[in-house]
Amino acid sequence: MRAMHTSPENPMFAAVVDDLATHGWSQQALFLPVDLARALAVECRRRYAEGELNPAGVGRGDAQEVRETIRGDQIQWIDPGQAEACDQYLAAMDQLRLAINQGLFLGLQDFECHFALYPPGAFYRRHLDRFRDDDRRMVSAVFYLNEDWQPQDGGQLRMFLADGAEPLVEPLAGCLVVFLSGEVPHEVLPAGRERLSLTGWFRRRGNDPF
Ligand SMILES: O=C(O)CCC(=O)C(=O)O
Ligand SMILES: [Fe+2]
């Protein structure tokens with residue numbers, strides 16, 4: 001990846017920070033090169049074909065359960081050192097984490113993220129990304145991997161903003177959406193074709209002394 005995309009001076013990072021501060025969300029149409037989105041899509045499809053993705057759950061810890069009437073995506077958490085494309089993505093997101101900390105003083109400590117694959121017809125009903133018993137998730141970030149996505153393919157992300165606006169985002173390859181996890185309810189509309197993304201959360205340190 002070219003240095004431009006991970007430099008803290010990247011004007012796109014400044015735009016994300018500014019948008020988060022003023023509107024609670026941000027959309028960057030070409031946050032990372034489409035080549036990287038393509039490599040991530042290949043990696044996601046490979047893992048799906050090998051049976052590594054699992055139906056996503058709702059809730060947290062022992063209370064977690066699969067409920068396809070709420071969400072129908074299949075996910076796999078990613079770790080560093082598994083694939084070059086994933087590592088490039090994680091490096092970019094770490095730079096973004098530092099930029100957000102510099103601009104908004106959120107004290108973001110880490111970033112957790114998973115591949116998500118919505119088979120045709122899958123959706124995710126309106127929800128907030130923060131758990132009742134765990135408020136470490138501060139900022140949600142979704143990076144889309146779908147080339148040639150058409151509006152009639154559905155699968156848009158709809159956000160419900162405090163001012164009543166309900167912006168829709170097409171899940172187009174290279175696009176990043178970032179929003180405040182505890183403040184922006186959102187939903188994924190039914191996707192007419194397979195829809196791929198990387199969904200993640202910047203988290204602050206927990207209160208737990210361990
Ligand atoms: O894929 C998206 O557009 C959003 C996914 C989402 O809301 C989630 O995984 O919590
Ligand atoms: Fe969400």
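Because the model is predicted, local features need pLDDT of at least 70 and side-chain atom pairs count only at pLDDT 80 or more, while totals for chains, interfaces and linings use all residues. Residues are numbered from 1 along each chain as its sequence is written, chains are lettered from A and ligands numbered from 1 in the order in which they are written, and side-chain values use heavy atoms, with hydrogens and water left out.

Let's begin with the helices. Helices and strands here are DSSP runs numbered from the N terminus (H or I, at least four residues, for helices; E, at least two, for strands). Take α2, residues 34-49, and α3, residues 84-104: their axes come within 9 Å and cross at roughly 125°. Those axes are lines fitted to C-alpha atoms, for helices over the stretch in contact, with angles running from 0 to 180 degrees between N-to-C directions. On the α2 side, the contact (heavy atoms within 4.5 Å) is made by L36, A39, L40, E43 and R47, and on the α3 side by A85, C86, Q88 and Y89.

Now α1 and α3. Their axes are 9 Å apart and they pack at an angle of about 50°, so this pair is oblique as well. From α1 come F13, V16, V17, L20 and A21, meeting A92, Q95, L96, A99, I100, G103 and L104 of α3.

On to the interior. A nonpolar core here means a set of buried Ala, Val, Leu, Ile, Met, Phe, Trp, Tyr and Cys residues joined through side-chain atoms within 4.5 Å. Buried is under 20% relative accessible area, exposed is over 50%, and partly exposed lies in between, using a 1.4 Å probe and protein chains only. Which residues touch the most other members of the largest core? Out of its 41 residues, they are L40, Y89, L96 and F143. At least two residues each come from α1 (11-23), α2, α3, β4 (108-118), β6 (137-144), β9 (176-180) and β11 (195-204), and α3 gives the most, with nine. L96 touches F13, V16, F31, L176, V178 and F202, leaving out residues up to four places away in sequence. There is also a second, separate core of 18 residues, with A56, M159, L161 and C175 among them.

Do look at F179 in strand β9. F179 is buried, at a relative accessible area of 1%. Setting aside neighbours within four places in sequence, F179 has contacts that include L20, W25, M138, V142, L157 and M159.

Last stop, the backbone. Most residues other than glycine have a negative phi. Which way does F105 go, positive or negative? F105 has a positive phi of about 55°; this residue is in the loop between α3 and β4 and is exposed, at 72% relative accessibility. D148 also has a positive phi, of about 60°. You'll find D148 in the loop between β6 and β7 (157-159), exposed at 61% relative accessibility.

Key. Angles under 35 degrees count as roughly parallel, over 145 as roughly antiparallel, 65 to 115 as roughly perpendicular and the rest as oblique.
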